[in-house]
Amino acid sequence: MSFHEKAEALYTETFDELYREYDQLIEVIDSEHVTVNTTNITAALSLQAIVITLIILLLQLAIEDEDTADIISEQLLAVHRLKSRRKTIIKVVGSCDVTITLSSEDILLSVQLLTDVLIALMIVLDIL
C-alpha cells in the first residue's frame with residue numbers, strides 16, 4: 001500500500017469513527033414553528049480527522065520501528081476515542097415557536113488542541 005493510499009485509508013477510518021461517535025437526535029412531536037440551526041458538524045469532524053491523520057502519519061514517518069509507531073498511533077487514537085464521544089438528544093413536545101441551535105465548538109476546541117500537538121511534534125522533529 002502506498003503512502004498516499006495509507007493516508008486516505010487512515011483518514012476515512014478516522015472520520016467514520018468520529019462521525020459514528022457524534023450522535024445527535026432531535027425529535028419534534030406535535031409542535032409548530034420549530035427551527036433547528038446547526039453548524040456544519042461534518043466539516044468540523046472532517047477537519048478533526050485530517051489533523052489526527054497528519055499526527056499519526058508524522059509519527060509513523062518519524063519512528064523507524066513500525067511496530068512502535070503503530071502502538072503509539074493506536075494509543076493516540078484510543079485516548080482520542082475516549083474524549084470524542086458525544087451524544088445529544090433533544091425532544092420538543094407540544095411546543096410552538098422553538099429555536100434550537102447546535103454548534104461544533106467542542107470539536108473545534110479539539111482540533112485546536114490537536115493542531116498544537118501537531119505543531120509541537122513538527123518542532124521536536126525539526127520539520128518546522
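User: Is Asp-97 buried or exposed?

Analyst: Asp-97 is exposed, with a relative accessible area of 59%. The cut-offs behind the word are simple: buried is under 20% relative accessible area, exposed is over 50%, and partly exposed lies in between, using a 1.4 Å probe and protein chains only. Before we go on, note that this is a predicted model, where local features need pLDDT of at least 70, side-chain atom pairs count only at pLDDT 80 or more, and totals for chains, interfaces and linings use all residues. Residues are numbered from 1 along each chain as its sequence is written, and side-chain values use heavy atoms, with hydrogens and water left out.

User: Thanks! What is the phi of Asp-97?

Analyst: As a general idea, most residues other than glycine have a negative phi. Asp-97 has a positive phi of about 55°, although it is not a glycine. You will find Asp-97 in strand β4, residues 96-102. Strands here are DSSP runs of E with at least two residues, helices are runs of H or I with at least four, and both are numbered from the N terminus. Asp-126 also has a positive phi, near 60°. Asp-126 sits in the segment after α4 and is exposed, at 67% relative accessible area.

User: How do I read a helix? Which residues of α4 are buried?

Analyst: An α-helix has 3.6 residues a turn, so residues three or four places apart point the same way. Helix α4 covers residues 105-124, and its 20 residues should span 28 Å at 1.5 Å a residue; the end C-alpha atoms are 29 Å apart, which agrees. That expected span is 1.5 Å times one less than the number of residues. The buried residues of α4 are Ile-107, Ser-110, Val-111, Leu-114, Leu-118 and Leu-121. They cover an arc of only 100° around the axis, which puts them on the same side of α4. The arc is taken from the directions that run from the helix axis to the C-beta atoms. On the face turned away from that buried side, α4 carries the exposed residues Glu-105, Leu-109, Leu-113 and Val-124.

User: Which side chain does Ser-110 contact?

Analyst: Ser-110 counts as buried, at 17% relative accessibility. The side chains of Ser-110 and Gln-48 are joined by a polar contact of 2.9 Å. A polar contact is a pair of N or O atoms within 3.5 Å; within protein, one must be able to donate a hydrogen and the other to accept it, and residues adjacent in sequence count only if both atoms are side-chain atoms.

User: And α1? Which of its residues are buried?

Analyst: Ala-7, Leu-10, Thr-14, Phe-15, Glu-17 and Leu-18 are the buried residues of α1. Their arc around the axis is only 165°, which puts them on the same side of α1.

User: How many aromatic pairs does the structure hold?

Analyst: A pair of aromatic rings is described by the distance of the centres and the angle of the planes. Rings of Phe, Tyr and Trp (its six-membered ring) pair if their centres lie within 6.5 Å; planes under 30 degrees apart count as stacked, over 60 as edge-to-face and the rest as tilted. The structure holds 2 aromatic pairs. Tyr-11 and Phe-15 are stacked, at 6.1 Å centre to centre with 20° between the planes. These two are 4 residues apart in helix α1 (residues 3-21), so about one helical turn separates Tyr-11 from Phe-15. Phe-15 and Tyr-19 have ring centres 5.8 Å apart and planes at 25°, so this pair is stacked. Tyr-11, Phe-15 and Tyr-19 form one aromatic cluster. Phe-15 is buried at 16% relative accessibility, Tyr-11 is partly exposed at 25%, and Tyr-19 is partly exposed at 46%.

User: Which side chains meet in a salt bridge?

Analyst: Side chains of opposite charge can pair when their charged atoms come close. A salt bridge is a side-chain nitrogen of Lys or Arg within 4 Å of a carboxyl oxygen of Asp or Glu. A search of the whole structure finds 1 salt bridge, between Glu-27 and Lys-91 at 3.9 Å, N to O. Glu-27 lies in strand β1 (residues 22-29) and Lys-91 in strand β3 (residues 86-93), so the pair ties together parts that are 64 residues apart in sequence. Glu-27 is partly exposed at 27% relative accessibility, whereas Lys-91 is exposed at 57%.

User: How many residues does the largest nonpolar core have?

Analyst: A nonpolar core is a set of buried Ala, Val, Leu, Ile, Met, Phe, Trp, Tyr and Cys residues joined through side-chain atoms within 4.5 Å. The largest one has 22 residues, and those with the most contacts inside it are Leu-45, Ile-52, Ile-55 and Ile-107. The elements that give two or more residues to this core are α1, α2 (41-62) and α4. The largest share, 11 residues, comes from α2.
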